[in-house]
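Please read the following note with the sequence and the model open beside it. The points are numbered so that each can be checked in turn.

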Amino acid sequence: RRTRRSAREIVAKAGSAEVAVEQAKGEMSESVRRVLERFKGDNQIEVIRDGAGSYRFVLRESVLFGTGSSDLSEDGKRALGRVADALRGGNQRISVEGHTDDVPVKKEETRKRYPRGNIELSVGRAFAVYDWMIKGGGIEEARVSVVGFGPHRPVAPNTNDMNRWRNRRVEIRIEER
């Protein structure tokens, strides 16, 4: 008899756990849906859903930085402010990823600042966004990581100006915990 009660208790708990998991999945999907809706039609920030509880903000170089620069523009700071507003107070993991095209850095000033070229520029840009999100956006530092991919993860072949423009970006990846 004792074994049967234990089995019933286990089944009851498993049933509750399944319901709790399904509710949590629904809440994550609702959270993602709200973010997608909030940024729908935004011409500076693209939001792409990656999975049930993950998505990414894509911000183009032209919004955040000048050509060959890692200094945030005023438009970039305003765009990041909107992203920070959507993320502040949450517990999601945030990864700031810098990307460039495959055209070698030409500006003398940029080559001096980033002697390793695009890979180092992508890290500098990702760090500039990270720094602003922490200091200007009020995001908890422990939630955020930084990586620079340079030209190594293009979204389009670097065969024309439009594709190179698409590859010059910072992605802010969000993963629900």
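**Notes on the predicted model**

1. Methionine 133 lies in helix 5; here helices are DSSP runs of H or I with at least four residues, strands are runs of E with at least two, and both are numbered from the N terminus. Because its relative accessible area is 2%, methionine 133 is buried (buried means under 20% relative accessible area, exposed over 50%, and partly exposed in between, with a 1.4 Å probe and protein chains only). Setting aside residues up to four places away in sequence, methionine 133 touches Leu80, Val83, Ala84, Leu87, Gly138 and Ile139, where contact means heavy atoms within 4.5 Å. Valine 96 is 37 residues from methionine 133 in sequence, and the two C-alpha atoms are 9.7 Å apart in space.

2. The model is predicted, so local features need pLDDT of at least 70 and side-chain atom pairs count only at pLDDT 80 or more, whereas totals for chains, interfaces and linings use all residues. Residues are numbered from 1 along each chain as its sequence is written, and side-chain values use heavy atoms, with hydrogens and water left out.

3. The chain contains 6 helices and 5 strands. Read from the N terminus, the order of elements is α-β-β-α-α-β-α-α-β-α-β. Of the 177 residues in the chain, 42% are buried. Among contacts with a separation of 6 or more, 67% join residues 24 or more positions apart.

4. Two packed helices are described by the angle between their axes and the distance between the axes. For helix 3 (residues 74-87) and helix 5 (residues 118-135), the axes come within 10 Å and cross at roughly 55°. Axes are lines fitted to C-alpha atoms, for helices over the stretch in contact, and angles run from 0 to 180 degrees between N-to-C directions. Helix 3 and helix 5 are therefore oblique to each other (angles under 35 degrees count as roughly parallel, over 145 as roughly antiparallel, 65 to 115 as roughly perpendicular, and the rest as oblique).

5. Which residues of helix 3 and helix 5 meet? Lys77, Leu80, Gly81, Val83, Ala84 and Leu87 in helix 3 meet Val129, Trp132 and Met133 in helix 5. By class, this contact of helix 3 with helix 5 has 7 nonpolar, 1 polar and 1 charged residues. In this classification Ala, Val, Leu, Ile, Met, Phe, Trp, Tyr, Cys and Pro count as nonpolar, Asp, Glu, Lys and Arg as charged, and the others, Gly among them, as polar.

6. Serine 70 is placed in the loop between helix 2 and helix 3. Is serine 70 buried or exposed? Serine 70 counts as buried because its relative accessibility is 5%. Its side chain makes a polar contact of 2.5 Å with the side chain of tyrosine 114 and another of 3.5 Å with that of arginine 113. A polar contact is a pair of N or O atoms within 3.5 Å; within protein, one must be able to donate a hydrogen and the other to accept it, and residues adjacent in sequence count only if both atoms are side-chain atoms. Beyond four places in sequence, the residues that serine 70 touches include Phe65, Leu121, Gly124, Arg125 and Ala128.

7. Glutamate 61 belongs to helix 2 (residues 61-64). With a relative accessible area of 8%, glutamate 61 is buried. The side chains of glutamate 61 and arginine 125 make a polar contact at 2.8 Å. Outside four places in sequence, glutamate 61 also touches residues including Gly66, Thr67, Gly68, Arg168 and Arg169.

8. Aspartate 101 sits in the loop between strand 3 (93-99) and helix 4 (108-113). Aspartate 101 is buried, its relative accessible area being 6%. A polar contact of 2.7 Å links its side chain to that of arginine 168. Tryptophan 165 is 64 residues from aspartate 101 along the chain, yet their C-alpha atoms are separated by 7.5 Å.

9. Valine 144 is found in strand 4 (residues 144-150) and, at 12% relative accessibility, counts as buried. Leaving aside neighbours within four places in sequence, valine 144 is in contact with Ile94, Val96, Tyr130, Ile134 and Ile139.

10. Glutamate 37, in helix 1 (residues 2-38), counts as partly exposed at 47% relative accessibility.
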